[in-house]
Amino acid sequence: MVTRTVDLRSDTVTKPCEAMRAAMANAEVDDNVLGNDPSALRLETEMARITGKEAALFVPSGTMGNLISVLVHCDVRGSEVILGDNSHIHIYENGGIATIGGVHPRTVKNNEDGTMDIDVIEAKIRDPRGQLVYPTTRLICLENSHANTGGRCLSVEYTDQVGELAKKHGLKLHIDGARIFNASVALGVPVHRLVQAADSVSICLSKGLGAPVGSVIVGSESFISKAKILRKALGGGMRQVGILCSAALFAVQNNVAKLENDHKNAKTLAGAYFKLIFVLKHMPPLSAEQIYVDLEESSNLTAEKLYKNLQQHGVVVMLEGPYSIRIVIHHQISETDVQYTLSCFKQVLNGANVHSENGN
């Protein structure tokens with residue numbers, strides 16, 4: 001009988017603590033569609049300050065935040081955005097930029113560190129002289145940290161270089177910063193500096209920061225004015241939304257400081273796996289809060305077997321493929337949870353009689 005659960009599927013599974021629930025219950029609210037909700041305004045003002053941008057806007061989800069941002073920058077149907085082939089916007093957001101916005105995605109290969117080669121980005125920018133037959137390039141999108149490469153963080157130097165390229169060609173730069181606070185803590189660089197080159201940024205508040213709902217997009221005053229109209233058109237206008245914004249503000253003010261410990265726990269776990277699991281293809285990249293465990297296909301242990309056996313011990317992870325699982329640390333995972341997870345891995349591996357072709 002399972003008496004303990006350690007949920008490592010994602011940093012989106014956190015539950016509001018009592019103090020956060022109290023902030024929600026006591027939130028000062030008004031009609032935010034009319035622009036009068038004081039709690040929403042406080043959150044948006046704080047996020048604009050943290051990111052060094054003129055204004056901010058609360059939206060229900062990161063997917064809506066990215067969609068609005070792309071549509072503001074690509075306000076002519078048939079516009080083109082350059083983005084990573086392994087990016088969240090391209091893979092996990094229902095193709096919304098194309099189906100809803102009429103924006104054409106032009107992909108560039110994401111490297112293992114989440115970057116795209118700058119010379120390849122530049123080569124993908126359409127020649128304006130071909131506008132009779134080609135879409136018009138208007139936007140470049142980056143993702144920091146980059147989820148599908150294991151939470152790898154883009155350096156400020158790289159982001160600045162992409163920003164300079166965008167300016168050179170008269171383009172805008174949007175950053176999908178769903179986990180930008182994780183990147184900031186991991187790199188030791190303030191958020192405002194990481195996004196300085198960007199014209200807009202979307203930031204998720206319900207991942208590592210632990211709010212129950214919502215994202216914020218930031219940019220210039222004119223950008224946010226247009227974004228408000230699109231938010232309403234997409235069904236994101238909410239009335240007494242201060243209840244949610246108070247939870248989000250509590251998360252920003254109280255949980256950012258916990259991310260460093262999340263990263264420490266992730267490194268502890270990843271380092272122990274490398275010593276423990278001799279059927280790993282390679283050492284998982286030590287990025288921030290995410291760990292991808294890739295098993296040797298020559299072993300007799302599949303990801304599904306590992307997943308099911310861990311689940312029997314109360315440890316829940318995310319299946320990523322036949323020989324791959326994902327683990328995400330968040331602020332409600334303790335050092336004791338990490339040690340318990342490792343002990344469960346040992347039990348599962350001992351019971352699986354794991355072997356590989358190299359004789360280990």
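This report describes selected features of a predicted model.

## Basis of the model

Local features require a pLDDT of at least 70 and side-chain atom pairs count only at pLDDT 80 or more, whereas totals for chains, interfaces and linings use all residues. Residues are numbered from 1 along each chain as its sequence is written, and side-chain values use heavy atoms, with hydrogens and water left out.

## The annotated lysine

UniProt, in an unreviewed entry, lists Lys-207 for "modified residue: N6-(pyridoxal phosphate)lysine"; positions are given in the numbering used here, feature names are shortened, and such annotations may be inferred rather than shown by experiment. Lys-207 is found in the loop between β7 (200-204) and β8 (215-219). Helices (H or I, at least four residues) and strands (E, at least two) are DSSP runs, numbered from the N terminus.

Lys-207 counts as buried because its relative accessible area is 17%. Buried means under 20% relative accessible area, exposed over 50%, and partly exposed in between (1.4 Å probe, protein chains only). Leaving aside residues up to four places away in sequence, Lys-207 touches Asp-11, Thr-12, Thr-14, Ala-178 and Arg-179, where contact means heavy atoms within 4.5 Å.

Arg-179 is 30 residues from Thr-149 in sequence, and their C-alpha atoms are 13 Å apart in space. Thr-149 lies in the loop between β5 and α7 (156-168) and is buried, with a relative accessible area of 13%.

Strand β12 (residues 324-328) is mostly covered, with 5 of its 5 residues buried. Ser-324, Arg-326 and Val-328 lie on one side, and Ile-325 and Ile-327 on the other.

Strand β9 (residues 290-294) runs antiparallel to β12 and is joined to it by 5 bridges; two strands pair if DSSP finds at least two bridges between them. Strand β11 (residues 318-321) also pairs with β12 in the antiparallel sense, over 3 bridges, and these two strands form a hairpin with 2 residues between them. Ser-324 of β12 is the bridge partner of Asp-294 and stands opposite Gly-321.

## A nonpolar surface patch

Leu-132, Val-133 and Tyr-134 make a nonpolar surface patch of about 380 Å². Patches are made of residues with over 30% relative accessible area and no salt bridge, with like charges joined within 9 Å and nonpolar side chains (Val, Leu, Ile, Met, Phe, Trp, Tyr) within 5 Å. A salt bridge is a side-chain nitrogen of Lys or Arg within 4 Å of a carboxyl oxygen of Asp or Glu. Accessible areas come from the Shrake-Rupley method with a 1.4 Å probe.

Leu-132 is found in the loop between α6 (118-124) and β5 (136-143). Leu-132 is classed as exposed because its relative accessible area is 82%.
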